[in-house]
Amino acid sequence: MRPFGNDITNIPAANGGNGNGGNGNNDPNEGNDNRNNGSHSSHLAATEDAEESVDPSIPPHIARIGGIGTFPPIAGQGVIRVVQRCEDAKENQKLNLSSCELMQIPDAVYHLMRNTELVTCNLSGNVLKSVSPKFSQKFSTITDLNLSHNKLSRLPEEFASLTALTRLNISHNSFIVLPQVVFKLQSLASLDAQNNAILEIDTDEAIASDCLALVDLRNNPLSRNCRRKLQDFKTSFRLEISKEVEDDW
């Protein structure tokens, strides 16, 4: 992982003081008079920081936070997009990191959001294969979480500590079994688990909740045996299942 500051600012390495950075100087003696090299290099060194701080391609609020954390090696523009959205979330308590090509949630995001109590979090349209247990510790106040259109196949047990969560969207992922932890979310009212690869639901474990009103399992290849069990299983919530009966694998 590269330093957060390098990814954000994308500032090139120093040129070693060889004087090549002064291409815009029209002095005809440049490069011919060795006496000028020392003063020219000194001038570059003295003004380097100022030039970096006014680089028009780098938002000032992003340049100022260089070096405070780490990002995985994702594209520079993607990093800038993530940081800008974190800055927006500080104002509206709604973190939208959708379609940022994230393979994981960068530690720098937790750092930037450390003093913000988020209400919603949108991580849809990325390439997440897992969510760290740290997520539920850092974002314990969220009420709405969108994890749709990723590559998730499980949720950490620590999600049970998301006591304020009322809406959870895990549709369009790679779940084979409905995560049991969703039934431990004490405030959860709506679960969208459409378009996964869910074959079974463990009815031997509790699948009840005081607040849960809807579980949407449409467009999942539920086995015939699972469908039979669900037909006879009484739930306190509405369970949506596609009418099409899938063949057993």
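This tour goes through the cysteines, a cavity and some salt bridges of a predicted model.

**Cysteines**

A disulfide is a covalent bond between the sulfur atoms of two cysteines. How many disulfides does the structure hold? The count is zero. For a disulfide the sulfur atoms would have to be within 2.5 Å. Cys100 is buried, and its relative accessible area is 2%. Now select Cys226, which is also counted as buried, at 1% relative accessibility.

**The cavity**

Rolling a probe the size of a water molecule over the atoms shows where empty space is left. In this structure there is one cavity of 30 Å³ or more. The largest cavity has a volume of about 40 Å³. To find the largest cavity, select the residues that line it: Leu178, Phe183, Ile201, Ile207, Val215, Leu217, Leu230, Phe237 and Leu239. Which classes of residue make up this lining? Nine residues are nonpolar, and the lining of the largest cavity has no polar and no charged ones.

**Salt bridges**

Side chains of opposite charge can pair when their charged atoms come close.

Select Glu87 and Lys90. Their side chains form a salt bridge, with N to O at 3.3 Å. Both residues are in helix α4 (residues 76-92), and because they are three residues apart there, about one helical turn separates them. Glu87 is partly exposed, with 21% relative accessible area, and Lys90 is partly exposed as well, at 33%.

Next, select Arg167 and Asp144, whose side chains meet in a salt bridge of 3.2 Å, N to O. Arg167 belongs to strand β6 (residues 167-169) and Asp144 to strand β5 (residues 144-146), so this pair ties together parts that are 23 residues apart in sequence. Arg167 has a relative accessible area of 47% and is partly exposed. Asp144 is partly exposed too, with a value of 25%.

Last, select Arg218 and Asp216. How far apart are the closest N and O atoms of this salt bridge? They are 2.6 Å apart. Is Asp216 buried or exposed? Asp216 is buried, with a relative accessible area of 6%, whereas Arg218 is partly exposed, with a relative accessible area of 34%.

Key: Residues are numbered from 1 along each chain as its sequence is written. This is a predicted model: local features need pLDDT of at least 70, side-chain atom pairs count only at pLDDT 80 or more; totals for chains, interfaces and linings use all residues. Side-chain values use heavy atoms; hydrogens and water are left out. Buried means under 20% relative accessible area, exposed over 50%, partly exposed in between (1.4 Å probe, protein chains only). On a 1 Å grid over the protein atoms alone, a cavity is a set of points where a 1.4 Å probe fits but cannot get out, and a pocket is an open set with protein on both sides within 12 Å along at least five of seven lines; lining residues have an atom within 4 Å of a point. Grid points are joined across faces, edges and corners, and a volume is the space filled by probe spheres set on the points. Ala, Val, Leu, Ile, Met, Phe, Trp, Tyr, Cys and Pro count as nonpolar, Asp, Glu, Lys and Arg as charged, and the others, Gly among them, as polar. A salt bridge is a side-chain nitrogen of Lys or Arg within 4 Å of a carboxyl oxygen of Asp or Glu. Helices (H or I, at least four residues) and strands (E, at least two) are DSSP runs, numbered from the N terminus.
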